[in-house]
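Biologist: I would like to learn how to read a protein model one feature at a time. Could we go through one together?

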Amino acid sequence: DCVLYSVVKNFFLDRRNQFIFAVTFAWGLLAHGMIMFRTLAIHDGVDSFLGSSSWFVGLHLGRWMQPILIKLDNFIQGSQNFTTPCFYGFMTFFYLSILLCIMADFFRIKDKFALTALCGFTATSSIVMMLFGYVGFVPHYFIGVFMAVAGAFILCKRPGSPKNFMAGVILMCLSTAEYQCFFPLSMSIMLLYLINKTEKEDLSWSDFWRTAFYFLGSGIAALVLYLLCTQLVIMAARVYMPDFKLGSYANIDTWGVTTIVDYIKRIIRAYGFVAVMPKWMSQVFTDGARKIYFVMLLISVYLVCREIDYLYTKSKRSAYQFIIALSVLPLCIELLRVMGDYVHTLHQLTWVIAVIFFLQRVDAVPSLPNKIYFRRAIIILLILSSIIIARNNNASYVKLEVVQSQTISYFTTLITRIKSTEGYKDELPVAYINEFKKTDESLYTPDEFY
């Protein structure tokens, strides 16, 4: 038999994987079904329909893998200059299911309620909602995700192996070239692996630091390779990229050129986001779910303290190693806030690692009293937050539909009035002034829409 066929067959016949697929699709349809079965034009959907995508898309942003994948996608599927939310919606849930199956297997999550909570958080998240604004980008986005995850897993499998190092670094470089936000995802996976390793093994200090610097060195090597390749691509394509450092996109262009004071402020902001998650920058948990997040965070802090106490009684060295690795996790999850001043919602996939960390804490202390109640509390809170986020997503889609209907009606009337103006001819150009701030007192907009 073909080895690849056997692997794929066993993957889809695995009961846990089948459960993850079913739950992810159920959560996804609940949260995003409304937009999947309607033609709601949002963001790049309109731009793509007009045929603006080309070979040079992404190059000026430091994403030289995007045009390669666009060419490959166009070769396989034909033109991508249209929006197909239903097709790409189902493909999004399919890719997410595969990703969660891989994560659940690597981090050994077997409890069905925990899997339901993890799938719910991921499928209902604002990340997926934002992908419907870039539906043609879905295959490329998840190819980058899988390369980032594969690179991290290869590096974790045999730390120190030269072959694994080369393969992992190349995959991390390619994923970063697809979208810069995938680099923190790889680093977060490796860091969580190290945290789990300090819990289960009594590592010597030399082994701990060797593994930690191996992961850090892999990340630095991937970034250096990415920067070198990007400069070569830019020179070969003759694309102008102003002030290029690490993508030159959405303020991620001051890496390495800002002041030490600014770096310290960014690091504090990254830790503060995880600890406080201020409302004005809440891209992961919406307003109602933020309150649930705080409760879940307090429970996790208590469980971490119990775990440190347990490790301290077993091995002081393991406890100190756990504290050192854990102290870097918030920074790693919000690494893009150190890279720049602005973080897009699509950059927040690293929070899946944070949720896995929350779910793992209950089983980290064997002697924890009332363990089942803590497990139920975290799972219920995650599921409840997923329900709130799903409801907010549907509310956003309702608002989008109302605004789109108003826009179509308004511009239909406007064009009719223009054409009925005396002296107007079809060959005369029409210019719209003030593209993003058009106002008209005749339009009714509910206060909560904006």
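**Reading the model step by step**

Modeller: Let us begin at the surface, where helix α11 supplies the largest share of the nonpolar patch, namely 7 residues. Please keep in mind throughout that this is a predicted model.

Biologist: Which residues make the nonpolar surface patch, and which elements give two or more residues to it?

Modeller: The patch covers about 1,000 Å² and is built from Trp205, Trp209, Phe213, Leu216, Ile220, Val224, Leu228, Tyr312, Tyr320, Ile323 and Ile324. The elements that contribute two or more residues are α11, which spans 205-237, and α14, which spans 316-333. Ile324, for instance, belongs to helix α14, and Ile324 is partly exposed, with a relative accessible area of 30%.

Biologist: How many helices and strands does the chain have, and what share of its residues is buried?

Modeller: The chain has 17 helices and 0 strands, and buried residues account for 47% of its 450 residues. The accessible surface of the chain comes to about 22,800 Å², and carbon and sulfur atoms hold 66% of that area.

Biologist: What should I look for when I ask how parts far apart in sequence come together?

Modeller: One looks at contacts and at how far apart their residues are along the chain: here, among contacts between residues at least 6 apart in sequence, 76% join residues at least 24 apart. Leaving aside neighbours within four places in sequence, Leu303 is in contact with Arg361, Val362, Val365, Leu368, Phe374 and Ile378. The C-alpha atoms of Leu303 and Asp363 are 9.6 Å apart, although 60 residues separate the two along the chain.

Biologist: Is Ser315 buried or exposed, and which side chain does the side chain of Ser315 join in a polar contact?

Modeller: Ser315, in the loop between α13 and α14, is buried, with a relative accessible area of 13%. Its side chain makes a polar contact of 3.2 Å with the side chain of Asp202.

Biologist: How many disulfides does the structure hold, and how far is the sulfur of Cys119 from the closest cysteine sulfur?

Modeller: The structure holds 0 disulfides. To judge such a case, one compares the distance between two cysteine sulfur atoms with the cut-off of 2.5 Å. The sulfur of Cys119 has its closest cysteine sulfur in Cys101, at 7.6 Å, so the two are too far apart for a bond. Cys119 is buried, with a relative accessible area of 1%, whereas Cys305 is partly exposed, at 46%.

Notes. Residues numbered from 1 in each chain as written. Predicted model: local features only at pLDDT ≥ 70, side-chain atom pairs only at ≥ 80, totals over all residues. Heavy atoms only, no water. Patch = residues over 30% accessible without salt bridge, like charges linked within 9 Å, V, L, I, M, F, W, Y side chains within 5 Å. Areas by Shrake-Rupley, 256 points an atom, 1.4 Å probe, with all protein chains shown as cover. Salt bridge = Lys/Arg side-chain N within 4 Å of Asp/Glu carboxyl O. Helix = DSSP H or I, 4+ residues; strand = E, 2+ residues; numbered from the N terminus. Buried < 20%, exposed > 50% of the residue type's maximum accessible area, 1.4 Å probe, protein only. Polar contact = N/O pair within 3.5 Å; in protein donor to acceptor, adjacent residues only side chain to side chain. Contact = heavy atoms within 4.5 Å.
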